[in-house]
Amino acid sequence: MDNKSKSTKEKILEESLALFSEKGYKATTVRDIAGKVGIRQGAIYNHFKNKEEILQTLVNNLTESALVHLFEEESQSKTGKQLLARIATTFKLISFDPRNEALFRLMMQELFRNEKIRDLYHEHFYQQNVKRLSSLLFQMMQEEQIRSSDPLLLANEFFAPLFYYQMQVVLLKMDGKSTSSAVTMFEKHVDLFWDSIRIQENETIKKTLF
């Protein structure tokens, strides 16, 4: 594939993502995509069989999202509240990255229509991250950083508000409204969550005495 063909294919994916996330997959036509790219409609088929193949390629790109790789670059120095803060910061930053925002919007729109996207969401965005965080929370319990509890439940309770706040930011941006109040919720959530699970100093003293 020469450089011109490669750049055209990438442009098709870029413009398709923008259109799908704004208009929706069903409402976007191949003619719309070709118009945005600046090529003839028939030229689209030199790179993709149909509109469905374009969507499937974009779906595969969802696995490149930073949310899928939350724990891959985990630093050994980040434990406890620092670890939770890093996860929350990743959610916040993704909300302001145009490409990730478009992928997130596409995923939200297609969850109820596309089984492959549902499977990808459950496996990569949900189950994988919840299981990894639950194991780290269990480790914190063993190290007596946090109170003993159900680590899987705690992991769910930590992640759920982050997805909600991320969606709030995206919705506010779509309507051209201020996101300042929503943005602060990521850090506030970490503070509230950590304070609710950490072992207080007086609890440690009691354990030592008794």
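Predicted model: local features only at pLDDT ≥ 70, side-chain atom pairs only at ≥ 80, totals over all residues.

Q: How much of the chain counts as buried?

A: For that, you look at the share of residues that count as buried. The protein chain has 210 residues, and 44% of them are buried.

Q: What do contacts tell me about residues that are apart in sequence?

A: You take pairs in contact and ask how far apart they sit along the chain. Among contacts between residues at least 6 apart in sequence, 70% join residues at least 24 apart.

Q: Now two helices. At what angle do α3 and α6 pack?

A: To read helix packing, check the angle and the distance between the axes. Helix α3 covers residues 51-61 and helix α6 covers residues 115-142; their angle is about 0° and their axes are 11 Å apart. Angles under 35 degrees count as roughly parallel, so α3 and α6 are roughly parallel to each other.

Q: Which residues make that contact?

A: From α3 it's Gln56, Val59 and Asn60, and from α6 it's Lys116, Ile117 and Leu120. Sort the residues of this α3 and α6 contact by class and you find three nonpolar, two polar and one charged.

Q: While we're on α6, is Asn129 buried or exposed?

A: Read the relative accessible area and compare it with the cut-off. Asn129 sits in helix α6. Its relative accessible area is 2%, so Asn129 is buried, since buried means under 20%.

Q: What is Asn129 in contact with?

A: Skip its neighbours within four places in sequence, and the list is Leu67, Val68, Leu70, Phe71, His124 and Phe159.

Q: Next, salt bridges. How many does the count come to?

A: The count comes to eight salt bridges. For each one, look at the partners, the distance and where they sit in the chain. Take Asp191 and Lys81, whose side chains meet at 2.8 Å, N to O. Asp191 belongs to helix α8 (residues 180-197) and Lys81 to helix α4 (residues 80-95), so this pair links distant parts of the chain, 110 residues apart.

Q: How accessible are Asp191 and Lys81?

A: Asp191 has 34% relative accessibility, so it counts as partly exposed. Lys81 has 32%, so Lys81 counts as partly exposed too.

Q: Which residues are linked with Glu101 in a network of salt bridges?

A: When salt bridges share partners, follow the links from one to the next. Here the network joins Glu101, Arg105 and Lys173.

Q: What about Arg198 and Asp195?

A: Their side chains meet in a salt bridge too, at 3.3 Å, N to O. Arg198 is partly exposed at 27% relative accessible area, and Asp195 is partly exposed at 41%.

Methods: Residues numbered from 1 in each chain as written. Heavy atoms only, no water. Axes fitted to C-alpha atoms, helices over the stretch in contact; angles between N-to-C directions. Helix = DSSP H or I, 4+ residues; strand = E, 2+ residues; numbered from the N terminus. Parallel < 35°, antiparallel > 145°, perpendicular 65-115°, else oblique. Contact = heavy atoms within 4.5 Å. Nonpolar A, V, L, I, M, F, W, Y, C, P; charged D, E, K, R; others polar. Salt bridge = Lys/Arg side-chain N within 4 Å of Asp/Glu carboxyl O. Buried < 20%, exposed > 50% of the residue type's maximum accessible area, 1.4 Å probe, protein only.
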